[in-house]
Every structure is written in C-alpha cells, then in structure tokens.
Amino acid sequence: MKLMEIEIEDSFCAQKQVQSLKIIFQIIDEQKKKLQKYESAKTELEIIRRVRSIANEIYSGCEVINQMLIAIYRNDDRYRGTQLKRGFNDNFKEVYNASVKRSKELNGIYKDKFVFSFFNSAKIWFIEVHDIRTQETHYEVGKIEKNEGKVFYINGNRNGTSKQLYTNPSNEIKIEIDEFLRLVDGFLETEDKIASLVKDVCK
C-alpha cells in the first residue's frame with residue numbers, strides 16, 4: 001500500500017507529515033532508479049552524488065516518520081505519561097538496545113506493537129544508511145572503488161550509529177553499491193507499514 005492511495009482529512013493530527021512522506025518516498029524511489037544505472041555512469045561524481053542524495057533523503061524521511069508517530073501517539077490514552085523521543089535515531093536505539101543487545105527493558109510506548117515492530121525492523125537498513133549520511137554530512141565525502149567487477153562506496157566511519165551499537169567498530173565504511181540499493185529498498189518498503197498505520201488511525 002502506498003501513502004498516495006490514502007485519503008486523509010486536513011484535520012488529521014499528522015496530515016503535514018503524511019503529505020511530506022508522500023513526496024519523500026517518491027523522490028527516493030526516483031533517485032534509486034537512477035543509481036541502479038551506476039554501471040553506465042561516466043564519472044565517480046555521478047555515483048557519489050546519488051549516494052549522498054539518497055542517504056540524506058532517507059534521513060529526512062526518518063525524522064518526518066518520527067514526527068508523524070509522535071503526533072499519532074501523543075493523545076493515545078494507553079501511553080499517557082510516556083512518549084517517543086524527538087529523534088528517530090534515539091527511538092531506534094531504545095528498541096535496538098532492548099531487542100538485540102538486551103541491555104534494558106522496554107516500557108510504555110515502546111511496547112506498542114507497531115512502534116516496536118517498526119523500529120526493530122529498521123535495523124536491516126537504518127544503521128548503515130545513517131552512518132553514510134553522518135560521514136558525508138559532518139566529516140568527508142566518500143569515494144568509489146571498482147574491484148573485480150564490483151563497485152564499492154568507501155568512506156570513514158568516525159562517529160556513526162554502528163560504532164555506538166558495535167555492529168561496525170571499524171574506522172571504515174565499505175559497501176557494494178548493489179548492497180546500498182538493497183538498503184534503500186528496505187527503507188522504501190516501510191511505506192506499506194506506515195500507510196497501513198495511517199489508514200487504521202483514520203478509520
């Protein structure tokens with residue numbers, strides 16, 4: 001299900017975020033299709049530009065999703081006195097630390113079936129995309145390397161989510177472009193989950 005298929009009232013509590021997400025998902029899908037043609041790219045700059053752009057759009061999408069969830073759950077009586085944190089990454093780490101590292105107990109809103117499932121499944125794509133975006137935005141632009149018929153994106157890994165979660169303690173990010181595209185697909189697949197939630201809330 002796509003967000004474009006859902007009619008929402010102007011009075012819906014997360015109307016602005018849903019409208020924004022409709023656009024963000026379209027932009028990322030279009031950019032992904034362009035990056036899929038990386039083998040015909042004439043310069044390294046073309047590939048880097050698309051990786052940077054997609055990583056930034058996904059990061060933006062994550063923050064808008066987070067604001068949408070805050071708006072939807074803000075007045076839910078089941079979770080009165082508990083609320084989601086302001087940033088997607090902070091909420092992701094709450095669920096990750098509880099479900100993967102088992103270093104804490106989940107409580108309040110994090111026990112909600114949708115909230116838990118959404119942030120828990122995000123580990124498939126979020127960590128690496130977040131690290132790429134962090135490195136590109138704050139530290140340095142990556143490079144493209146071709147090796148044995150494969151094309152890789154390479155950059156440092158100075159201060160990413162993966163370092164904090166110990167999934168990639170290395171000082172280097174190295175990912176094949178095809179694998180990056182799979183991460184992008186992982187994010188795009190969240191639209192179906194979000195659309196189902198919005199549809200249920202709007203009933």
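In the classification applied here, Ala, Val, Leu, Ile, Met, Phe, Trp, Tyr, Cys and Pro count as nonpolar, Asp, Glu, Lys and Arg as charged, and the others, Gly among them, as polar. On this basis, the lining of the largest cavity in the predicted model comprises five nonpolar, two polar and one charged residues. The residues concerned are Leu-69, Ile-70, Tyr-73, Arg-74, Thr-82, Gln-83, Leu-84 and Ile-109. A search of the whole structure returned one cavity of 30 Å³ or more, and the volume of the largest cavity is about 50 Å³.

Two of the lining residues, Leu-69 and Tyr-73, also take part in a helix contact, in which they are contributed by H2. The axes of helix H2 (residues 44–73) and helix H4 (residues 113–121) come within 12 Å and cross at roughly 170°; because angles over 145 degrees count as roughly antiparallel, H2 is described as roughly antiparallel to H4. On the side of H2 the contact is formed by Ile-65, Asn-66, Leu-69 and Tyr-73, and on the side of H4 by Phe-114, Val-115, Phe-118 and Phe-119. By class, the residues of this contact divide into seven nonpolar, one polar and no charged.

A further helix pair is formed by H1 (residues 15–35) and H7 (residues 177–188), which pack at an angle of about 160° with their axes 11 Å apart, so that H1 is roughly antiparallel to H7. The crossing of H1 and H7 is left-handed. Helix H1 contributes Phe-25, Ile-28, Asp-29, Lys-32 and Leu-35 to the contact, whereas H7 supplies Ile-177, Phe-180, Leu-181, Val-184, Asp-185, Phe-187 and Leu-188. The contact of H1 with H7 contains nine nonpolar, no polar and three charged residues.

Methods:
Residues are numbered from 1 along each chain as its sequence is written. This is a predicted model: local features need pLDDT of at least 70, side-chain atom pairs count only at pLDDT 80 or more; totals for chains, interfaces and linings use all residues. Side-chain values use heavy atoms; hydrogens and water are left out. On a 1 Å grid over the protein atoms alone, a cavity is a set of points where a 1.4 Å probe fits but cannot get out, and a pocket is an open set with protein on both sides within 12 Å along at least five of seven lines; lining residues have an atom within 4 Å of a point. Grid points are joined across faces, edges and corners, and a volume is the space filled by probe spheres set on the points. Axes are lines fitted to C-alpha atoms, for helices over the stretch in contact, and angles run from 0 to 180 degrees between N-to-C directions. Helices (H or I, at least four residues) and strands (E, at least two) are DSSP runs, numbered from the N terminus. Angles under 35 degrees count as roughly parallel, over 145 as roughly antiparallel, 65 to 115 as roughly perpendicular and the rest as oblique. A crossing is left-handed if the near helix is turned anticlockwise from the far one by less than a right angle, and right-handed if clockwise. Contact means heavy atoms within 4.5 Å.
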